Amino acid sequence: MGGMTGRDRQRAALLLPALLLLALGFLAPLATVAWTSLRRAGHFSLAAYAEILASPVFLDILLRTLWMAVLVTALCAALGYPFAYCVATRARRHAGLIMALVTVPYLTSILIRSYAWVAILGGGGLVNRTLIALGLIEDPLQLVFNSFGSYVGMVHILLPMMVLPLYAAMRRIDGALLLAGRGLGGGPMPVFVTVFLPLSLPGLAAGSALVFLSALGFYIAPALLGAPGDYMLAQAIEVRVATLAEFDVAAGLSCILLVLVGGFLMLFRRRIVSLADDPASTPARVVGVAGLRPACAASAIGAVPGLRAALNAMGDAVAPLAGPLLHLHGAALLVFMLAPMLVVVLIACSSAPYLTFPPPGYSWRWFMALLDDANWLEAAWFSLTVSTAAAVAALAIGTPFAFGLARGRFGGRRLLWLLAVSPMILPHIVIGLGLFFTFVALGLNGHPVSFWLAYTVIGLPYVVIILLSALGRFDVDLERAAANLGAAPMTAFRTVTLPLLAASFVTAFLFAFLSGFDDLIIGLFLSSPRGTTLAIRMWEDIRLEISPKTAVVGVVQLGVLLVAMTLPMLRTMLPRRRVRTEA
Amino acid sequence: MRLDLSRRRLLATAALSGAVAGLARPAIAQNSLRGTGSVIVHFGGGSMGEAQRIAYSEPFQAETGIRVIHQAGVAAGVQRAAILAGAPKHDVANISGGSMAAFEQDGLLQPVDYGYWAPQNRAGYDLVPASQFNVPAMLYSMVVAFDQQRYASRAPESWADLWNLRDFPGRRTLAAGTNAADGASYEIALLADGVKPEDLYPIDWERALRSLDRLRADVVKWWANGAESVQLQVDRQATIGSAWNGRIDGANEQGARIGKSWNQGILQWAGWAIPRGATNSENAQKYIAFMSRPEPQARFSEIITYGPTNALAFNHIPAERAALLPTAPAVKDRQIVQNYTFWNTVDASGQTGLRRAIAEWERWIAARR
């Protein structure tokens with residue numbers, strides 16, 4: 001850090017707010033966890049690690065967890081890429097609505113969402129009944145309570161994390177570059193392979209990182225929809241904390257997971273994010289990637305007649321089918337994303353006193369039950385305010401952090417990046433344990449501020465990963481042009497950078513918000529008479545009996561989302577008061 | 001205030017032990033519960049929470065002037081962490097019988113002050129005694145649950161029937177082993193294999209898992225939580241399995257038709273306790289004393305079919321309702337009280353039963369993927 005220029009020092013300063021938060025909200029709890037893993041019966045001990053390393057079961061669970069996370073990431077990429085491509089290139093006018101619909105799986109609690117999947121995939125479920133009615137099968141297919149069910153549940157909830165960053169990256173691709181590629185003699189296929197695909201890779205990398213890291217911490221969906229063998233590390237850790245209170249082994253497992261996944265991320269870091277002065281992302285190369293490489297690549301293709309011919313032939317063969325296929329895939333994926341929500345809507349309107357599908361009749365009784373319940377409304381308001389405040393804070397400190405990392409050149413940036421994404425690696429039950437001890441020591445026990453801090457910490461990785469992917473290959477020359485034209489840095493940021501990154505900001509905010517709003521496990525640690533979240537109220541109600549009331553919460557959230565979606569549409573219908581001039 | 005409280009308690013104790021007519025005792029004990037401030041109480045949510053609010057919290061608040069604050073229940077491990085951090089989640093905690101012993105052994109609980117109790121109430125805890133550190137809150141049973149229509153001609157009557165695929169065909173469901181003692185699947189597997197109730201403990205892990213091996217192919221789902229155990233039957237995903245009696249009755253009261261057999265039911269309990277470091281422990285003592293009375297316990301069992309822990313409550317429960325409870329005299333002896341001492345005792349391998357159950361389960365599912 002000795003040879004830092006003044007500019008780099010300024011950029012390093014951008015990291016400070018996030019580092020302060022992480023010190024308090026992540027490093028302190030992590031230290032508690034590490035300390036816990038090294039103590040038994042009040043003394044220093046490596047017994048927990050010895051136990052873990054001696055047990056073949058833990059290795060098996062760890063490998064299975066990594067394998068399932070990799071497979072889910074691959075599935076999400078394979079399904080999400082063509083979907084995002086279709087929306088970004090062929091359905092741009094409806095993109096806002098489609099992207100909002102993609103987040104619908106997040107609107108219902110995991111228990112009711114899993115129930116909806118059982119109603120769809122189960123022995124007497126919608127799919128089997130339809131197939132039997134069509135005469136395609138005689139006996140119901142086993143579609144749930146096996147590994148297929150696990151992956152359906154996991155892909156369903158993780159797909160948005162792949163699609164949204166991909167879409168944000170694809171939107172930034174300059175259409176003129178594609179035209180240039182065509183002008184240089186590339187058919188649709190070569191242009192896609194040499195221009196579009198490389199430019200969309202940062203989005204793919206960010207999406208893959210988010211999906212992989214989230215999948216590592218999963219266990220409820222596989223436990224409810226999967227086979228008994230789909231037992232993931234987070235469940236082993238959860239049962240050791242919640243049931244056995246064996247904190248040292250749980251903490252030791254978490255530390256091993258953190259070191260393994262952290263090492264893995266450092267190894268592949270360049271593929272996941274690009275920081276300044278990496279060979280792949282120096283400003284010259286950024287321009288190269290954004291402008292020159294396609295041309296070079298296109299001419300290179302021109303120079304290898306065989307390759308060009310092959311790609312062109314493939315492109316010609318696929319071209320007439322590509323459009324319909326993409327639309328078909330997009331529609332099918334939307335059905336997949338929305339089908340459980342449809343079941344949830346029907347359940348919410350059920351007249352039955354208990355959960356059953358299809359409902360025997362329809363009524364508003366469960367909506368009334370929800371509106372009558374002051375506790376639930378109060379909890380909903382509490383969740384909404386702390387999660388929003390946390391998402392705002394995560395964005396406010398995560399944005400300068402991402403900028404500092406993307407643009408500054410100072411030592412230790414890789415480790416700083418790893419630090420900021422680590423809250424995603426540790427299972428929530430362990431973060432909750434560490435945070436709880438830290439907050440009690442700080443006198444924050446039970447205070448609403450503790451929720452805000454905790455949710456900011458778990459929201460920060462989303463902001464950092466998504467914005468870094470957006471900034472990594474961002475065309476810095478545009479900002480420089482603005483500066484040359486006399487714009488102050490903040491003005492350049494506001495008028496040039498911000499609009500170009502708008503989709504990424506929205507995505508980052510959304511996931512930061514949802515990570516807090518959806519949380520149950522950390523919330524249970526922090527809960528107090530002064531702070532009870534909606535997720536806790538729902539869990540209270542459904543751990544012994546699943547009531548349709550929980551479905552109503554999902555439907556209300558869907559309603560709020562749809563209203564929020566239609567507001568901007570209404571605004572575009574009104575005459576614009578101010579027309580902003582942009583270069 | 002402290003002085004005042006202890007003086008009042010002293011008076012109450014004196015009155016109880018003094019030469020006061022037997023009939024007057026409960027009245028004086030009840031008067032002694034008045035107080036100020038609030039008490040933070042574990043809240044079960046759902047219909048259990050409703051029963052608790054109506055039977056206990058509201059009348060307690062009306063009688064004593066102490067404000068009851070309901071606070072979401074947490075897992076045993078979270079509660080333990082909170083006590084260790086010096087900030088317990090509740091003044092009155094609810095801990096499952098399987099975890100209670102560990103809390104006691106590690107000194108995480110405050111002794112129960114029986115000075116607030118009418119003595120005949122403590123004696124009423126016949127099946128599971130009220131002890132130095134905890135008071136059983138309710139009794140419930142893990143029983144055979146089945147589709148009444150499917151097995152209309154002959155109803156299953158034992159765990160062996162759950163293993164009998166010839167006479168009782170259909171898909172099964174049992175608790176996943178991660179539920180450890182609460183899920184009771186190890187006891188069930190052994191009983192189905194012919195082990196006598198008196199020979200159940202210590203659990204023979206290998207034999208239990210071999211028994212589960214035979215059922216494995218027909219288990220549609222190893223249930224993860226109580227809601228799932230019954231929902232699988234409501235949806236006819238499974239036609240026979242294990243479930244808690246209160247969950248079955250709850251579903252049936254709302255229109256489901258799930259049968260149950262009390263035979264070989266595994267009787268379990270959860271208890272009330274006051275964590276070390278609780279801020280309103282005097283009020284907590286009063287809340288627990290209030291819940292020991294037969295009248296509110298009877299009211300509780302009228303709302304939800306969990307058995308009262310004070311047998312005197314049966315004097316206040318109509319016969320037809322009493323027949324539905326797991327501790328009803330007619331069915332009590334057909335069940336087996338789960339041995340929580342075994343589940344918390346360290347075996348030759350240096351592990352408690354709870355820990356062993358989860359380790360064995362993890363090995364079992366990994367080996368037979």
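The model is predicted, so local features need pLDDT of at least 70 and side-chain atom pairs count only at pLDDT 80 or more, while totals for chains, interfaces and linings use all residues. Residues are numbered from 1 along each chain as its sequence is written, chains are lettered from A, and side-chain values use heavy atoms, with hydrogens and water left out.

Let's start where the chains meet. The contact (heavy atoms within 4.5 Å) takes in 56 residues of chain A and 53 residues of chain B. Putting the two together buries about 4,400 Å², with carbon and sulfur atoms giving 59%; buried area here is the accessible area (1.4 Å probe) lost by the two parts, summed over both.

Three salt bridges run between chain B and chain A, a salt bridge being a side-chain nitrogen of Lys or Arg within 4 Å of a carboxyl oxygen of Asp or Glu. One of them pairs Glu362(B) with Arg240(A), at 2.9 Å from N to O. Helices (H or I, at least four residues) and strands (E, at least two) are DSSP runs, numbered from the N terminus.

H18 of chain B shows up again in the pair Glu51(A) and Arg355(B), whose closest N and O atoms are 2.5 Å apart. Glu51(A) sits in helix H3 (residues 47-54) of chain A, so this bridge joins two chains. Both residues also belong to a network of salt bridges with Arg40(A), Glu246(A) and Asp248(A). Glu51(A) is partly exposed, at 25% relative accessible area (buried means under 20%, exposed over 50%, partly exposed in between, with a 1.4 Å probe and protein chains only).

Over all chains, the search turns up 24 salt bridges. Among them is Lys549(A) with Asp373(A), at 3.0 Å from N to O. These partners are 176 residues apart, and Lys549(A) is buried at 10% relative accessibility, as is Asp373(A) at 18%. In chain B, Asp193(B) bridges to Arg214(B) at 2.6 Å. Here Asp193(B) is partly exposed at 24%, and Arg214(B) is partly exposed at 47%.
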